[in-house]
Amino acid sequence: MSPDLAPGDQLLEGRVVLVTGGASGLGLGMATAMAAHGAAVVLACRRPETGEPAAVQLREAGHDVRCVRCDVASADDLRAAVEATVTAHGRLDCMVHNAIAPTLGPTRIQDVAQDHWDAMMATAIRATFEGARAAHPHLREAGGSMILMTSAAGMEGSASLPVYAMVKAAQRTLAKGLAAEWGADGIRVNCIAPVALTPAMERAYGENPVLHERLLERTPLGRIGDPLDDVGPVAVFLASEMARFITGQTLCVDGGGFLGL
Amino acid sequence: MADGTRTLLVGDGPLADGLHDGLVHRGHVVAQVVPVGADGGTDIDAGIGAGVSLIGPPDLVVHVPQVPAGPVALVDQTTQQWVEACEAPMAEAFAVARACRPHLSDGARLVWVLPTVAMGGAAGYVGSAAASEGIRALAKSAARQWGPDGLTTAVLAVAPELAFPPDTGAGARTSAATTLTGPALGGPGDAFGDIAPLLDLLADPAARFMTGATLVADGGVWMAP
């Protein structure tokens, strides 16, 4: 397929996308943008009571969106979500692994609780592994792609969120390794490093009142991103034919906040 | 350089052993902790406690995480293989940071010795490379948290040939995948003569204004950026 575009073309027409953590925040923003570009989208949500209303709202807007229950800490749930997607739509073109356990407030390395460590590893690292394994045959058949979410914290470290920084760094190199392994299968793997106003970010503002001001100070574009309008189009791009020669890369979608790459 | 430097070395295998010998050769007083998972190993808390009892509060802590045998494609790995390749080294590194922190005082440094695949990823070693990059982020976070207390961290990134099991040939294949021309200095170096002196350098008070950074010592393969 040629990436040549005409005005108004939908970049993901006929594509099928699975988004973990798709009920709210970044996941919902990316899912909405991808649906608006013609993709059939499956929201994989730990709590269907929040995911299903989001899916209903998007269907009412004319999009092909459904919700499946999926706790990404469970390999069985991840496999079931992938299979449900393929059963419903016959294919899987893109898997976006966005879900992650809640970050805690500022924590010293020596005070990190074991259950926090376990939750971050399960949702960010193990879930990437299990999700990748489950999605691989379908992505290979479709010539598709995988998108992982990383963070500037993973690239520059974090004084307040050391475990989050670790798993986000690991996910970024995981994407590079997968890109190397899966290139021959025609599968691309990339990362997005966003800064956007999400429920998680709003909670972080509550825990750290100066965070918003400090983020703005380091952001040349002078505002915090929007999950739908700022991050969503980048997910659309990476999942589309437009990005067919891009793999193993991280796109920072943060208004220029991190310039270290 | 740092004669009499008290060094706690956590790790096992040819790389850790070469660093041990190189540091002793340069006058360090070294206690080596062999972690659980290696033959005859001990848990990190107990091992670091025992090491400190032996040499006193360390000036330098060096952690050399294990790299599993391989390569194995991610889709062919079992969950247990994944845990051993990716999650266990990160957990071990975190445990080292936590366990040694109470024993570190102003001027002390914590260094992780990792393969350069942390930065570039590696086919066949997806989990291991990801773990190394996670540990690199830990070094940065620890530098930011502990800097006000006068503690510093660093990563010493070495050629995969030194970090990967030597009998697999995986190190050479991985290096070859990252460069068109081979190492600028002709080879991956050796732990005793090429890498241990850099640990000595990092332990020197003259290096105290460098923290959280990665020093690449792979003979000139990885040069970005």
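Let me begin with the sheet of chain B. In this predicted model, chain B holds an open sheet of 6 strands, and their pairing is parallel. Read across the sheet, the order is E2-E1-E3-E4-E5-E6. Strand E2 (29-33) and strand E6 (213-217) of chain B are the edge strands, each pairing on one side only. On average, and with direction ignored, neighbouring strands of this sheet are turned by 20° against each other.

Within that order, consider one pair. Strand E4 (residues 109-115) of chain B is joined to strand E5 (residues 152-158) of chain B by 7 bridges, in the parallel sense. To place this on the screen, please find B:Val113, whose bridge partner in E5(B) is B:Leu156.

Helix H2 (residues 44-55) of chain B lies across strand E1 (6-11) and E2 of chain B. Its direction makes an angle of about 160° with E2(B).

B:Ala170 is found in helix H7 (residues 170-178) of chain B. Is B:Ala170 buried or exposed? B:Ala170 has 23 other C-beta atoms within 10 Å, and it is therefore counted as buried; the threshold for that class is 20 or more. Leaving aside residues up to four places away in sequence, B:Ala170 touches B:Gly70, B:Pro71, B:Gly124, B:Tyr125 and B:Phe164. B:Ala69 is 101 residues from B:Ala170 in sequence, yet their C-alpha atoms are 8.8 Å apart in space.

Chain A has a sheet of its own. An open sheet of 7 strands runs in the order E3-E2-E1-E4-E5-E6-E7 (chain A), again with parallel pairing. Which strands stand at the edges? They are strand E3 (65-69) and strand E7 (250-253) of chain A. Each has a single partner strand, so one side of each is left without a neighbour in the sheet. From one strand to the next, the twist averages 20°.

Here too I select one pair. Strand E4 (residues 94-97) and strand E5 (residues 145-149) of chain A run parallel and are joined by 4 bridges. A:Met95 has A:Met146 as its bridge partner in E5(A). Helix H6 of chain A lies across E5, strand E6 (188-194) and E7 of chain A, at about 160° to E6(A).

Chain A contributes 31 residues and chain B contributes 33 residues. On the side of chain A that touches chain B, the elements giving two or more residues are helix H4 (114-142), helix H5 (152-156) and helix H6 (162-182) of chain A. The largest share, 14 residues, comes from H6(A). By class, this side of chain A has 16 nonpolar, 8 polar and 7 charged residues.

Finally, how does H6(A) meet helix H5 (residues 126-146) of chain B? Their axes come within 7 Å and cross at roughly 150°. Angles over 145 degrees count as roughly antiparallel, and H6(A) and H5(B) are therefore roughly antiparallel to each other. Their crossing is right-handed. Among the residues making this contact are A:Ala169, A:Thr173 and A:Gly177 of H6(A), together with B:Ala130, B:Gly134 and B:Leu138 of H5(B). The contact of these two helices has 14 nonpolar, 4 polar and 4 charged residues.

Methods. Residues are numbered from 1 along each chain as its sequence is written. Chains are lettered from A and ligands numbered from 1 in the order in which they are written. This is a predicted model: local features need pLDDT of at least 70, side-chain atom pairs count only at pLDDT 80 or more; totals for chains, interfaces and linings use all residues. A residue is buried if 20 or more other C-beta atoms lie within 10 Å of its own, exposed if 12 or fewer, and partly exposed in between; C-beta atoms are placed from the backbone. Two residues are in contact if their C-beta atoms, placed from the backbone, lie within 7 Å. Ala, Val, Leu, Ile, Met, Phe, Trp, Tyr, Cys and Pro count as nonpolar, Asp, Glu, Lys and Arg as charged, and the others, Gly among them, as polar. Two strands pair if DSSP finds at least two bridges between them. Axes are lines fitted to C-alpha atoms, for helices over the stretch in contact, and angles run from 0 to 180 degrees between N-to-C directions. Angles under 35 degrees count as roughly parallel, over 145 as roughly antiparallel, 65 to 115 as roughly perpendicular and the rest as oblique. A crossing is left-handed if the near helix is turned anticlockwise from the far one by less than a right angle, and right-handed if clockwise.
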